[in-house]
Amino acid sequence: MASVPIGELVRLDGVALGYDGEVALRDVNVRISPGELIGIVGPSGCGKTTLLRSLLGETEVYAGDASVADNTKVGYVPQVETVDWNFPITVEQVAMLGSWRTRRWLPWTSRDERSRARVVLSQLGIADLADRPIRALSGGQQQRTFLARALIRSPDLLLLDEPTSGVDIKTRHEILHQLAALNHAGVTVVLTTHDLNGVASHLPRLIALGEQTVLADGPPEEVLQPPILERAYGQPMLVVQSGHETYVLPVPEEAPGAHEEPLVPPHVVNVIGRPDADDA
Amino acid sequence: MLEPFEFGFMQRAMIAATLVGGVTAAVGVFVILRRLAYIGHGLAHSIFGGAVVSFTIGFNFFIGASLWGAFSVFLINQAARRRQIGGDAAIGIITTAAFAIGIAVISRARSFTRDFEAALFGEILGITNQDLYVTTGMIVLIALVLFLLWKPLVFITFDHDVATSYGIPVRWVEAVFSLALAATVVAALQVLGVTLIAAALVIPPVVARMMTDSFPRLFLIAVVLGALTGFLGVYISWFVDVSSGATVVLVQAAVFVLTLGWGVIESRRGLSAARRAERLAGLERSLND
């Protein structure tokens, strides 16, 4: 494994990676600098989680060089579906699992660990839920609990797998706000998302996956382009802009000419690369 | 009432049942939460094969059965890693085959049929001082493993897929836990017998689970319940003249039924209280209108 140059946190050079001998992604060239906030986008099964887990060193690397800077503390927030919800555990106990290495041979936690957990839970606005069983919480509260488990290690690099999956719009906004605050505090954040409009378009940098590789890497206005999205999702996509907002819509599969009127009034938005407009 | 305490064999039996009840419950907490009840049942049968073979070749029962159990666990882990087989099928094949070896050996040498009835159904009243020392030593070792691996075990049990990401050596911890489970089954063999061990592993933790939503409390309740029902089972068996192992399990089953019944009554009470509150609120609304 090659070393990472000073000023970089992650470097993947021509990497092919996957599990059990099966290549999931190939020719991956990604560099991540400290303090970035990055979203990995693409359709289901395109390798978003695989790329994320490669940063944890949990995938097999078949070609190229994959490296994370030495002494990088990594925090990981998985998709909540991996958890055993029948397990009797409170919010505070979940948060403290993140610091299991502290006094690892003793079953009980120290006063310092508990106060650190309370501080992190307060930062995330869930201190009042500390003694509640995790399964009794809402999706957004559960997501914040797992975020607390990752943050209790004071990570340099925070990896989140679909952090806004299954939560309502308000909670999604709150989670993104908290991630942005962490990022401002110096934490490098990398997350996966399938939500192009609600999440991806608001991030400063996107990595689009498809066809088992990285299709595009850059700011949303460069990555969220119809040709790239069509390659990624395998169907024509419409990209519209309204002020600073970008919206991606799948083009309905209809008989040609069925829609004489545009889907969105032209005085409201700019339509970028609308497929039928190109044909005209 | 104090009659059972006057006899040395009963004193040893009650001490052994208390210790074994506590440790099987402690290990059982992780067994039920990881949904491994089947492996506990299977291992008991597998270790029976080891016990028979050890007896036949004149090898120490505890060492022979423990090695056999450890080897079974190793084979199960190896087989379960193959995608085509899966964990439950691996347990079914390996533990049944190991049990069948024991049956085959017995059928070839019928002279020690009685000893293996004891292995199948337990013979706690035959426990010697030496058996008690060895059992106590094993229990201390198992307790030490649980103490030292507590944090990683809790993490793996709650969120298995993510534990590796947090630096937990999952395979290593699981292997050590499996060995502790095998040692627990060996320690419990003489007290409960092959056929009843699974119940002692499962019932106290399940009862504790019904009582609390806190993991530390669950663990404590399960261990106390396991130890208490172990002691009570042997004590009661003196008066009712029933097999001690069976009495221990029946006492545990009775506690389970009582807890279940209490839970049903409590939930109905909660439901009717909620309905009453709803009706009162409705009445208040209609009065205000």
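This is a predicted model: local features need pLDDT of at least 70, side-chain atom pairs count only at pLDDT 80 or more; totals for chains, interfaces and linings use all residues.
## Chain A overall

The secondary structure of chain A comprises eight helices and twelve strands. Chain A has 280 residues, and buried residues make up 49% of them.

## Chain B overall

Chain B has twelve helices and zero strands, and its elements, read from the N terminus on, are accordingly a run of α-α-α-α-α-α-α-α-α-α-α-α. Taken along the principal axes, the box filled by the C-alpha atoms of chain B is roughly 90 × 55 × 35 Å.

Of the 289 residues in chain B, 47% count as buried, and residues 24 or more positions apart account for 73% of the contacts with a separation of 6 or more in this chain. The accessible surface of chain B is about 14,000 Å², and carbon and sulfur atoms hold 67% of that surface.

## Strand 1 of chain A and its partners

Strand 1 of chain A, which spans residues 10–19, is mostly covered, with seven of its ten residues buried. Strand 1 of chain A runs antiparallel to strand 2 of chain A (residues 22–32), and the two are joined by seven bridges; within this pairing, A:G18 stands opposite A:V23 of strand 2. These two strands of chain A form a hairpin with two residues between them, and A:D20, which sits in the turn, has a positive phi of about 50°.

Strand 1 of chain A is also paired with strand 4 of chain A (residues 60–68), again in an antiparallel arrangement and through seven bridges. In this second pairing, A:A16 stands opposite A:A63 of strand 4.

## The second largest pocket

The second largest pocket has a volume of about 610 Å³ and is lined by 27 residues, of which A:P107, A:W108, B:W150, B:F215 and B:P216 lie nearest its centre. The elements that give two or more residues to this lining are, in chain A, helix 2 (91–97) and helix 3 (111–123), and, in chain B, helix 1 (8–33), helix 6 (129–148), helix 7 (150–158) and helix 11 (215–240). Sorted by class, the lining of the second largest pocket contains 20 nonpolar, four polar and three charged residues.

## The cavity in chain B

How many cavities of 30 Å³ or more does a search of the whole structure find? The search finds one, and the volume of the largest cavity is about 30 Å³. The residues that line the largest cavity are B:A17, B:V20, B:G21, B:T24, B:V191, B:L192, B:A200, B:G230 and B:V248. Helix 1 and helix 9 (170–192) of chain B are the elements that give two or more residues to this lining, and helix 1 of chain B provides the largest share, four residues. By class, six of the lining residues are nonpolar, three are polar and none is charged.

B:T157 lies in helix 7 of chain B. Is B:T157 buried or exposed? B:T157 counts as buried because its relative accessible area is 5%, and the cut-off for burial is under 20%. Residues up to four places away in sequence aside, B:T157 touches A:D84 and A:F87 in chain A as well as B:F30, B:L33 and B:R34 in chain B.

A:T171 lies in helix 5 of chain A (residues 169–184). A:T171 is likewise buried, since its relative accessible area is 13%, and, not counting residues up to four places away in sequence, A:T171 touches A:G140 and A:R144.

B:L120 has its place in helix 5 of chain B (residues 113–121). Leaving aside neighbours within four places in sequence, B:L120 is in contact with B:F48, B:F99, B:G193, B:V194 and B:T195. The C-alpha atom of B:L120 is separated by 18 Å from that of B:V202, a residue 82 residues apart from B:L120 along the chain.

Key. Residues are numbered from 1 along each chain as its sequence is written. Chains are lettered from A and ligands numbered from 1 in the order in which they are written. Side-chain values use heavy atoms; hydrogens and water are left out. Buried means under 20% relative accessible area, exposed over 50%, partly exposed in between (1.4 Å probe, protein chains only). On a 1 Å grid over the protein atoms alone, a cavity is a set of points where a 1.4 Å probe fits but cannot get out, and a pocket is an open set with protein on both sides within 12 Å along at least five of seven lines; lining residues have an atom within 4 Å of a point. Grid points are joined across faces, edges and corners, and a volume is the space filled by probe spheres set on the points. Ala, Val, Leu, Ile, Met, Phe, Trp, Tyr, Cys and Pro count as nonpolar, Asp, Glu, Lys and Arg as charged, and the others, Gly among them, as polar. Two strands pair if DSSP finds at least two bridges between them. Contact means heavy atoms within 4.5 Å. Accessible areas come from the Shrake-Rupley method with a 1.4 Å probe; for residues, only the protein chains shown count as cover.
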